[in-house]
Amino acid sequence: HAASPLPLQKWALLALSSCSSLCCLCCLLGLLVAVGLTLGTQGRVLLGPCSAGSAAPAPASRECPFDPTRVYVSAPGAGDGDVP
């Protein structure tokens, strides 16, 4: 039968998987908080710093990661996989 992994490898695997699980739980908690805040305020918290009057000259600022004055439109048929 196959030899079992070294005890050091078992502990390393346990440590890495524990760190990965902790990171996953933190991300999930952050996502739940973000969704809760968004639903609780009907999105006003997300769009508050992005009003057209307070938009910085550079559209992508730390407070407003997108340009609220820009209209984002996809070309007809974009994403269909048909490349001319």
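Trainee: In which helix is L32 found?

Mentor: In this predicted model, L32 lies in helix 1, which covers residues 7-40.

Trainee: Why does L32 count as exposed?

Mentor: The relative accessibility of L32 is 54%. Exposed means over 50%, so L32 counts as exposed.

Trainee: What makes L25, L28, L31, L32, V35 and L39 a nonpolar patch?

Mentor: A patch requires residues with over 30% relative accessible area and no salt bridge, and nonpolar side chains are joined within 5 Å. L25, L28, L31, L32, V35 and L39 form such a patch on the surface, and their accessible area together is about 610 Å².

Trainee: Which residues does UniProt list as "transmembrane region", and what is the helix content there?

Mentor: An unreviewed UniProt entry lists residues 12-37 under that name. Over residues 12-37 the chain is 100% helix and 0% strand, with the end C-alpha atoms 38 Å apart.

Trainee: How many helices and strands does the chain have, and how much of the chain counts as buried?

Mentor: There are two helices and zero strands. Buried means under 20% relative accessible area, and 5% of the 84 residues count as such. The accessible surface of the chain is about 7,400 Å², with 70% of that belonging to carbon and sulfur atoms.

Trainee: What pLDDT does the chain average, and where is the pLDDT below 50?

Mentor: The average pLDDT is 75, and 50% of the residues score at least 70. The pLDDT is below 50 over residues 54-59, a stretch that has six contacts in the model beyond near neighbours in sequence.

Conventions: Residues are numbered from 1 along each chain as its sequence is written. This is a predicted model: local features need pLDDT of at least 70, side-chain atom pairs count only at pLDDT 80 or more; totals for chains, interfaces and linings use all residues. Side-chain values use heavy atoms; hydrogens and water are left out. Helices (H or I, at least four residues) and strands (E, at least two) are DSSP runs, numbered from the N terminus. Buried means under 20% relative accessible area, exposed over 50%, partly exposed in between (1.4 Å probe, protein chains only). Accessible areas come from the Shrake-Rupley method with a 1.4 Å probe; for residues, only the protein chains shown count as cover. UniProt positions are given in the numbering used here, feature names are shortened, and annotations may be inferred rather than shown by experiment. Patches are made of residues with over 30% relative accessible area and no salt bridge: like charges are joined within 9 Å, nonpolar side chains (Val, Leu, Ile, Met, Phe, Trp, Tyr) within 5 Å. A salt bridge is a side-chain nitrogen of Lys or Arg within 4 Å of a carboxyl oxygen of Asp or Glu. pLDDT is the predictor's confidence in each residue, from 0 to 100. Contact means heavy atoms within 4.5 Å.
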